[in-house]
Amino acid sequence: LDDWRSVDGRTAMEHNRLGYRAAAAELREAWGVGPAYDEEACTACMGMVRLPPNLDMSLDAPGKPSTPQSVRSRLRDRFGVEAAVGGFPVGDGIEGFVRLSHAVYTSDEDVARLRDAVLVLLREE
């Protein structure tokens, strides 16, 4: 990857960093959520993106096997989206996050599939 360049001439590291930021911004806007942290300070190509607050994350506890009704299972089984999601206790509720990463092979269609799948699940809740 040392010699890899995007069509814009960017290195793989720069391409993936900018791709992550663009994908995270697209998902936040579509899902109506704020940033999980100061993403401008993030120099990596992976991070956490908040999931919509009305999405039931009670079956997606980190470190526990997913059930067929969990968000992670439904994303995978119904939409072909493999995503690391987790519902973390915050105050009196559970806040959901998805771990988003960007690599040279990540396409806009991959991000759109995740975006749209979460919106479908949200409408069904």
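Visitor: Which residues lie nearest the centre of the largest pocket?

Guide: This is a predicted model, and its largest pocket has a lining of 17 residues. Strand E3 (93-101) and H3 each supply at least two residues of that lining. Nearest the centre of the pocket lie Glu82, Leu100, Ser101, Asp110 and Leu114.

Visitor: How much space lies in the largest pocket?

Guide: Rolling a probe the size of a water molecule over the atoms shows where empty space is left. By class, nine nonpolar, four polar and four charged residues line the largest pocket. The space in this pocket is about 390 Å³.

Visitor: At what angle do the axes of H2 and H3 cross?

Guide: Two packed helices are described by the angle between their axes and the distance between the axes. H2 passes H3 in a right-handed crossing. The axes of H2 and H3 come within 11 Å, and their crossing angle is roughly 115°.

Visitor: Against which elements do the buried residues of H2 pack?

Guide: Within H2 (residues 71-79), the buried residues are Val71, Ser73, Arg74 and Leu75. An α-helix has 3.6 residues a turn, so residues three or four places apart point the same way. The buried residues of H2 pack against strand E2 (84-90) and helix H3 (108-124).

Visitor: Why does Leu75 count as buried?

Guide: Leu75 lies in helix H2. Beyond four places away in sequence, Leu75 touches Gly80, Val81, Ala83, Val85, Leu114, Ala117, Val118 and Leu121. Leu75 counts as buried because its relative accessibility is 0%.

Visitor: What is the relative accessibility at which Val85 counts as buried?

Guide: Val85 is placed in strand E2. Leaving aside residues up to four places away in sequence, Val85 touches Leu51, Met57, Asp60, Val71, Arg72, Leu75, Phe97 and Val98. The cut-off for buried is under 20% relative accessible area. Val85 therefore counts as buried, with a relative accessibility of 12%.

Visitor: Which residue just after H2 takes a positive phi?

Guide: H2 covers residues 71-79. Just after H2, a positive phi of about 70° is taken by Gly80.

Definitions and conventions. Residues are numbered from 1 along each chain as its sequence is written. This is a predicted model: local features need pLDDT of at least 70, side-chain atom pairs count only at pLDDT 80 or more; totals for chains, interfaces and linings use all residues. Side-chain values use heavy atoms; hydrogens and water are left out. Buried means under 20% relative accessible area, exposed over 50%, partly exposed in between (1.4 Å probe, protein chains only). Helices (H or I, at least four residues) and strands (E, at least two) are DSSP runs, numbered from the N terminus. Contact means heavy atoms within 4.5 Å. On a 1 Å grid over the protein atoms alone, a cavity is a set of points where a 1.4 Å probe fits but cannot get out, and a pocket is an open set with protein on both sides within 12 Å along at least five of seven lines; lining residues have an atom within 4 Å of a point. Grid points are joined across faces, edges and corners, and a volume is the space filled by probe spheres set on the points. Ala, Val, Leu, Ile, Met, Phe, Trp, Tyr, Cys and Pro count as nonpolar, Asp, Glu, Lys and Arg as charged, and the others, Gly among them, as polar. Axes are lines fitted to C-alpha atoms, for helices over the stretch in contact, and angles run from 0 to 180 degrees between N-to-C directions. A crossing is left-handed if the near helix is turned anticlockwise from the far one by less than a right angle, and right-handed if clockwise.
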